[in-house]
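Welcome! Please take a look at the sequence and the 3D structure below, and then walk through the notes that follow.

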Amino acid sequence: MNIKSFDQPIYVTKPFLPKLEDVTEKLQQIWDAAWLTNNGEQHQLLENELKNYLKVPYLSLFNNGTIALITACRALELTGEVITTPFTFAATPHVLTWNNLIPVFCDINPVTMNIDPAKIEAYITPKTSAILAVHVFGTPCEVDKIQRVADHHGLKVIYDAAHAFGVEKNNTGIGNFGDVSMYSFHATKLYHTAEGGALAVNDSELKAKIDLLKNFGIKNEDEVIFPGINGKMNEIQAALGLVNLKYVAEEVSNRKMIKAIYQQYLAELPGISFVQEQPSATSSYQYCVIRINEKLFGKSRDHVYHALKRYNVFARKYFYPLCSNYACYQHLPSAKADLLPVANQVAQEVLSLPFYGTLSEQEVVLICKIIQYIREN
Ligand SMILES: *Cc1c(COP(=O)(O)O)cnc(C)c1O
């Protein structure tokens, strides 16, 4: 049997695009107001709508998730070392470096792929000021255990919730946990504003401080009280965000169907497993990630990844390489591979499959058949 390849490349994602008329209508409002940034009407509307959607007490919009996270570290006045995970996107450890903080990599749980709370304590020193955990692929971290460790040692807790838009744990918005949570609204995320992000916090003073920090620290016309940054989301981003928010439920339900097809065809193949959903939490449908156990599957993840390309399917190895293996971090004492056995194993197994609402049923079925064919040949 020979299997057909795709005529056009299929990428891991495709940005969600709303009806253009919906956006131009919003743009007209911006043109009429002649107000392009600095807490305009669209910004205020979006901040309020998203706060309700995400079920968080306070939200502050940003021009992107990375600047938001950099600002979060500043707002909490972190110093010294911050314990984090190596199994994440580059931005997570980089925001620490941009704050002159040292990332300390802690190993992950083999099932959730999130930081392992039982291993955090061993890394705490007098220099440690915080834990920066990531809800990887939208699976919530063990927030209670992380909080217990943090409280015991007087540490702050920051969550990178870039993958966890709309996720709830025990009917609570995921952004309620820890001191600060960061959301990313990058074009490749489930919900986006082209570029954008937000910080969710539980107290009004911290929200006020973050709002000052993201606008250069300008308190009023006569006073600048912190060395702030320009982290402001503009009106065009906010308008796109207001339009996209109307479609997010539909995008999630399309992705649910796509994931069900992937599972139907692939879950029974020996050596392939899907990220387990947690009974107490909702899923973000940000990524569709499989793990390939080379021994059971007969082919390695890298073999499948390369073979898929020959059929015009461009899956991604999120998160390979581990941050601890980057040239800029491998010198750190915590980056040694023998200290991070689970993360190094998981990084060899994960494959993020094409996943976006406009992927058709036939396309998903063909991707599955190609993977079956790769296994047998
Ligand atoms: C996307 C992403 C970020 C960065 O967000 P930007 O909005 O692109 O700056 C940070 N962390 C993780 C885990 C991400 O996936």
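## Cysteines, strands and a ligand

The sulfur of C288 is too far from its closest cysteine sulfur, the one in C368, for a bond, because the gap is 8.6 Å; a disulfide is a pair of cysteine sulfur atoms within 2.5 Å. This is a predicted model, in which local features need pLDDT of at least 70 and side-chain atom pairs count only at pLDDT 80 or more, while totals for chains, interfaces and linings use all residues. Residues are numbered from 1 along each chain as its sequence is written, and side-chain values use heavy atoms, with hydrogens and water left out.

**Cysteines**

- By the sulfur rule, the model has 0 disulfides.
- C323 is in no disulfide either, as its nearest cysteine sulfur, that of C328, is 8.4 Å away.
- Is C288 buried or exposed? C288 is buried, at a relative accessible area of 0% (buried means under 20% relative accessible area, exposed over 50%, and partly exposed in between, with a 1.4 Å probe and protein chains only).
- C323 is buried too, with a relative accessible area of 0%.

**Strands and a helix**

- Strand β3 covers residues 81–84 and strand β4 covers residues 102–105, and the two pair in the parallel sense over 4 bridges.
- Two strands pair if DSSP finds at least two bridges between them; helices (H or I, at least four residues) and strands (E, at least two) are DSSP runs, numbered from the N terminus.
- Which residue of β4 stands opposite I83? Look for V104.
- Together with helix α4 (residues 91–97), β3 and β4 make a right-handed β-α-β unit; right-handed means that, with the strands pointing away from the viewer, the path from the first strand over the helix to the second runs clockwise.

**Around the ligand**

- There are 15 residues around the ligand, and G65, T66, D160, S184 and K189 come nearest (near means that one of the residue's heavy atoms lies within 4 Å).
- T66 has a polar side-chain atom 2.6 Å from an oxygen atom of the ligand.
- For H163, the distance from a polar side-chain atom to a ligand oxygen atom is 2.8 Å.
- K189 places a polar side-chain atom 3.1 Å from an oxygen atom of the ligand.
- Taken alone, the ligand exposes 380 Å², and the protein buries 93% of that; these accessible areas come from the Shrake-Rupley method with a 1.4 Å probe.

**Cis peptide bonds**

- Y318 and F319 are joined by a cis peptide bond, with omega about 0°.
- F319 lies in the loop between β15 (313–314) and α10 (341–349).
- A cis peptide bond also runs from Y320 to P321, where omega is near -5°.
- You can find P321 in the loop between β15 and α10.

**Loop residues to look up**

- A34 has a positive phi, near 50°, and is a residue other than glycine.
- A34 sits in the loop between α1 (20–33) and α2 (41–53), and counts as exposed at 66% relative accessibility.
- E77, again a residue other than glycine, has a positive phi near 55°.
- The loop between α3 (65–75) and β3 holds E77, which is exposed with a relative accessible area of 57%.
- G154 is in the loop between α5 (143–153) and β6 (156–160), and is exposed at a relative accessible area of 64%.
- How many residues separate G154 and T128 in sequence? They are 26 residues apart, and in space 9.4 Å from C-alpha to C-alpha.

Terms used:
Polar contact = N/O pair within 3.5 Å; in protein donor to acceptor, adjacent residues only side chain to side chain.
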